[in-house]
Amino acid sequence: MSPSVAVLDYGSGNLRSAERALIRAGADAFVTTDLAAAADADGLVVPGVGAFAACMAGLEQIGAGPMIADRVAGGRPVLGICVGMQVFFTYGEEHGVTTKGLGLLPGGITRLDAPRVPHMGWNTVIFPSESVLFSAADPDDRYYFVHSYAAPPIIEGALVSTAQHGQSFAAAVEAGPLTVTQFHPEKSGDAGARLLLNWTRTL
């Protein structure tokens with residue numbers, strides 16, 4: 001039987017493209033606003049685009065934070081994508097305003113120190129050999145990024161894959177049941193499809 005994967009609809013993110021990519025990766029994926037369905041699924045995807053504060057407000061409006069935290073505490077897989085990655089950190093700084101995040105990963109999201117911001121387009125990722133997400137990935141594979149803010153390249157207690165744009169930053173983080181990517185695997189062609197397949201195989 002295919003693993004069930006809930007794509008959480010809280011008003012942000014490329015819900016349908018994530019759903020379609022997960023179905024192609026062999027999951028029984030569905031978009032939902034229902035927290036009970038999201039809690040019960042084998043895997044949960046938290047997408048997110050736009051501003052950190054707006055994404056946090058959307059999660060708070062549907063009361064998703066405790067459900068997500070309970071899943072992670074219970075060792076049940078969660079995948080965060082783009083700003084859906086960033087909200088897992090302690091805080092996000094945007095335009096001089098600091099917004100509290102879910103706090104399931106230590107550290108903060110800050111503006112990229114680069115000549116050109118946003119970082120938009122295709123980039124390679126340096127991943128550790130023990131990464132499950134990047135299992136059988138080619139170091140020359142490119143992934144699709146679009147962001148102005150990022151997490152630090154070193155995160156305590158987590159396996160971090162990095163990318164470079166003016167500075168080194170966390171492109172993906174694996175911490176027990178929690179996996180997050182700054183890039184969009186669902187928009188990254190065959191390379192991204194391989195990563196989603198690797199993730200669904202953990203369910």
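**Salt bridges and a covered strand**

Biologist: Quick one: is Asp141 buried or exposed?
Modeller: Asp141 counts as buried, with a relative accessibility of 13%. Buried means under 20% relative accessible area, exposed means over 50%, and partly exposed is in between (1.4 Å probe, protein chains only).

Biologist: What kind of model is it, and how do you number things?
Modeller: It's a predicted model, where local features need pLDDT of at least 70, side-chain atom pairs count only at pLDDT 80 or more, and totals for chains, interfaces and linings use all residues. Residues are numbered from 1 along each chain as its sequence is written, and side-chain values use heavy atoms, leaving out hydrogens and water.

Biologist: Which residue forms a salt bridge with Asp141?
Modeller: Arg194 does, with the closest N and O atoms 3.0 Å apart. The rule wants a side-chain nitrogen of Lys or Arg within 4 Å of a carboxyl oxygen of Asp or Glu.

Biologist: How many salt bridges in total?
Modeller: Two by that rule. Arg16 forms one with Glu19, their closest N and O atoms 3.1 Å apart. Both sit in helix α1 (residues 15–24), three residues apart, about one turn of the helix. Glu19 counts as buried, at 14% relative accessibility.

Biologist: Switching to strands: which residues cover the two sides of β3?
Modeller: In β3 (residues 43–46), Gly43 and Val45 are on one side, Leu44 and Val46 on the other, and all are buried.

Biologist: What does β3 pair with?
Modeller: Strand β1 (residues 4–8) runs parallel to β3, joined by three bridges, and three bridges also join β3 to parallel strand β4 (residues 78–81). Pairing requires at least two DSSP bridges between the strands. Ala6 stands opposite Leu44, and Val45 has Leu79 in β4 as its bridge partner.

Biologist: Zooming out, how many helices and strands are there?
Modeller: Six helices and 13 strands. Of the 203 residues, 52% count as buried.

Biologist: What share of the contacts join residues at least 24 apart?
Modeller: Among contacts (heavy atoms within 4.5 Å) between residues at least 6 apart in sequence, 67% do.

Definitions and conventions
Helices (H or I, at least four residues) and strands (E, at least two) are DSSP runs, numbered from the N terminus.
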